[in-house]
Amino acid sequence: MTTSFLRPNPCRMAAATIFVGCLLVSSLVRAGDAAAGADVFKTECAECHTVKQGRNKKGPSLFGIVGRTTASVTDYSYSDALQQAHWVWTTDKLHGYLSQPAKQANPGTKMKYSGLTDAKQLDDLITYLDTLH
Amino acid sequence: MALLMIRCGGRRTRRVFVWYALLAWLMLVSTSAQAIPAYARQTGSACADCHAGSYGPALTPYGMRFKLNGYTDTDGNGVKIPVAGQVTETHNVPARGESSSALTEADLYVAGRVSDQFGGYAKIEADNIGHDKYNTRLSNLDLRFVAKEQKLAGKDLTIGVSVNNSPGFEDPIAALPSASLLGPPGVTGTLLNPSSPNAPANRVIGATVYGLLDSSWYGEMGTYNALPNSVQDRLGYAQSGDPGRLSDTGYFRFAYMKDLKRQFFSAGVVALTTKRQLPRMASKDDLTDLGYDLSYQFLGNRQHIVQVSYVNILEQRRYGNELVIPNTPDLVASDRANVRDQTLSVTYTFMQSYGVTVSHLVNTGSHDPVRYPPYGDPDTTSNLMSLYWTPFGRDDSWTSRANLKLAATWFRFTKFNGRANNIFGAPPGTLVTNAGDLNAFTLSASAAF
């Protein structure tokens, strides 16, 4: 049985190749241009957020945002909605959150944002945010 | 029918007044920088978020929203002291006359939020009037109540009330002369132009109700009343600039604006109508301003910003007074007239720090040999060009919540009193003043903190 499983099987090999290929393509599609993302940040986000650690505007600092849990900047006053969200800002989570109006993604949030519908700009932006550590 | 007589000696008085008015206008423009670091401290924002060149008065779309929200937005991190200051040192080089250097203006701003619904702006200004003496006056005032995040037919709605002392100053687009502090100078002008003689600006008090629907449709209406002379005096204003007794005054504004993040544009109409008695015992003049304004901003990634605005205001006048000159009874002023103010302004800003502004200012009016001696034409054409540098006020600068503005500004007159040469009609053998003699160059340094 075990021997049979380890034996090369053309069908399994093809399925595995397609699966790995899909993952690679997906990650390549998501891999944006951080420099372009910095420009997107200036256009879309910089009025309400800084990338400086410890400095908040109307919105909290986005330094280290990727990998951070919600409502975790200690000197920022979050909405109840975000305090109760309890999620981690992964790149996927940011992708979903920023691609729609903020009040739709997190009803009750203070954030006023209509969403970024341009897929490339969104990828660039998230890639840039991921560099802020 | 009341007769308002111009005595023969009045022409000299008028000429002197015109000089003073022009000087006042030049100083107004040269020190027209407005920056309110108290707002930056309140919101955590940088000066550059609200002002393309990190120094006012021109607003970015974000700055417009802050104003519409009644100056109440905050970073939510405690109470901030709503006080800021500004000082301006100016070196003035007039085409005719001696150059001078002086601390021309010191300002105190009481500006900020009281609560999530109440906020305001008040500027107390001390102007150098020569010989190191300063005249302190209440400049612009704008107190607001606002109800944010309302809904109307499923659309976002912001509604508010503004109590202010200058029609147009409260406008969010900030293209109108009272808000841009850029109105054509001249011997006459519209009510909405603070550079006009006896303009209502800062000498009236009024209330307007405004609303912004779907972040795009803006409407506003309200009324104003002139402050009594005694109150104007206490607030630092000389009686000579009294706007007169105003009645049946209405202000209307409607505009469409669109913020596309990388670009912004707006188109609007404005109206101000009143019955004015000037002097206060005189008959009533019917005055109606009808104007439109267009603005465009290219913001991009904020590296290169271009702001363009055009304002055209027509004032229709029906005078209640008949104006004649003694000994020339056949020379009677018309009882109807039009005056028009036009301003075209273009500003380019690089890296939110280096900028150049070029403005073309045109003031025209109906021909009237009695009201506009010596030629009967009030037309004035002028230009303003300013180069400036603001080293701070950005997120990535040494400080984002205070700033310095160094500016070199040229004022150029190509027509005054309807003429390019001998603008005051000096007789042969006497000193002739040409429009170019009114030109001036200034170097100024303003610090806001």
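The model is predicted. Chain A has seven helices and zero strands. Its contact with chain B takes 14 residues from chain A and 14 residues from chain B. In chain B, strand β2(B) is joined by bridges to β3(B) and also to β19(B).

**Confidence in chain A**

- Mean pLDDT for chain A is 84, and 77% of its residues reach 70 or more.
- Among the elements of chain A, helix α1 (residues 2-6) has the lowest mean pLDDT, 47. Helix α7(A) has the highest, 96.
- Residues 1-6 of chain A have pLDDT below 50. Beyond near neighbours in sequence, this stretch has zero contacts in the model.
- Residues 22-29 of chain A also stay under 50 in pLDDT. For them the model has zero contacts beyond four places in sequence.
- Where pLDDT is low, the predicted coordinates should not be read in detail.

**Fold of chain A**

- Along the sequence, the pattern of chain A is α-α-α-α-α-α-α.
- Chain A has 133 residues, and buried residues make up 23% of them.
- Take the contacts in chain A between residues at least 6 apart in sequence: 50% of these join residues at least 24 apart.

**Helices α3(A) and α7(A)**

- Helix α3(A) spans residues 34-44, and helix α7(A) spans residues 119-129.
- Their axes come within 7 Å and cross at roughly 100 degrees. The two helices are therefore roughly perpendicular, as angles of 65 to 115 degrees count as such.
- From α3(A), the contact uses A34(A), A36(A), G37(A), A38(A), V40(A), F41(A) and E44(A). From α7(A), it uses Q121(A), D124(A), L125(A), T127(A) and Y128(A).
- By class, this contact has seven nonpolar, three polar and two charged residues.
- Helix α7(A) is mostly covered, with eight of its 11 residues buried.
- The buried residues in α7(A) are L122(A), D123(A), D124(A), L125(A), I126(A), T127(A), Y128(A) and L129(A).
- D124(A), L125(A), T127(A) and Y128(A) are buried, and these residues also meet α3(A).

**Contact between the chains**

- Chain A gives 14 residues to the contact, and chain B gives 14 residues.
- The chain A side divides into eight charged, four polar and two nonpolar residues.

**Strand pairing in chain B**

- Strand β2(B), residues 83-94, runs antiparallel to β3(B), residues 100-113. The two are joined by 10 bridges.
- One bridge pair here is T90(B) with A102(B) in β3(B).
- The hairpin of β2(B) and β3(B) has five residues between the strands. In this hairpin, G97(B) takes a positive phi near 110 degrees.
- Strand β2(B) also runs antiparallel to β19(B), residues 440-448, with nine bridges joining them.
- V87(B) has A447(B) as its bridge partner in β19(B).

**I36(B)**

- I36(B) is in the loop between α1 (10-30) and α2 (37-43) of chain B.
- I36(B) has 26 other C-beta atoms within 10 Å. It is buried because the cut-off is 20 or more.
- Not counting residues up to four places away in sequence, I36(B) touches A84(B), Y109(B) and A111(B).
- I36(B) and V87(B) are 51 residues apart in sequence. C-alpha to C-alpha, they are 12 Å apart in space.

**Cis peptide bonds in chain B**

- L278(B) and P279(B) are joined by a cis peptide bond, with omega about -5 degrees. P279(B) sits in the loop between β10 (263-277) and β11 (284-298) of chain B.
- P373(B) and P374(B) are also joined by a cis peptide bond, with omega about 5 degrees. P374(B) sits in the loop between β16 (354-365) and β17 (380-389) of chain B.

**Positive phi in one loop of chain B**

- N198(B) lies in the loop between α5 (177-180) and β7 (204-213) of chain B. N202(B) lies in the loop between α5 and β7 too.
- Phi of N198(B) is near 55 degrees, a positive value in a residue other than glycine.
- Phi of N202(B) is near 70 degrees, again positive in a residue other than glycine.
- Are these residues buried or partly exposed? N198(B) is partly exposed, with 17 other C-beta atoms within 10 Å. N202(B) counts as buried, with 26 C-beta neighbours inside 10 Å.

Technical notes
Residues are numbered from 1 along each chain as its sequence is written. Chains are lettered from A and ligands numbered from 1 in the order in which they are written. This is a predicted model: local features need pLDDT of at least 70, side-chain atom pairs count only at pLDDT 80 or more; totals for chains, interfaces and linings use all residues. Two residues are in contact if their C-beta atoms, placed from the backbone, lie within 7 Å. Ala, Val, Leu, Ile, Met, Phe, Trp, Tyr, Cys and Pro count as nonpolar, Asp, Glu, Lys and Arg as charged, and the others, Gly among them, as polar. Two strands pair if DSSP finds at least two bridges between them. Helices (H or I, at least four residues) and strands (E, at least two) are DSSP runs, numbered from the N terminus. A residue is buried if 20 or more other C-beta atoms lie within 10 Å of its own, exposed if 12 or fewer, and partly exposed in between; C-beta atoms are placed from the backbone. Axes are lines fitted to C-alpha atoms, for helices over the stretch in contact, and angles run from 0 to 180 degrees between N-to-C directions. Angles under 35 degrees count as roughly parallel, over 145 as roughly antiparallel, 65 to 115 as roughly perpendicular and the rest as oblique. pLDDT is the predictor's confidence in each residue, from 0 to 100.
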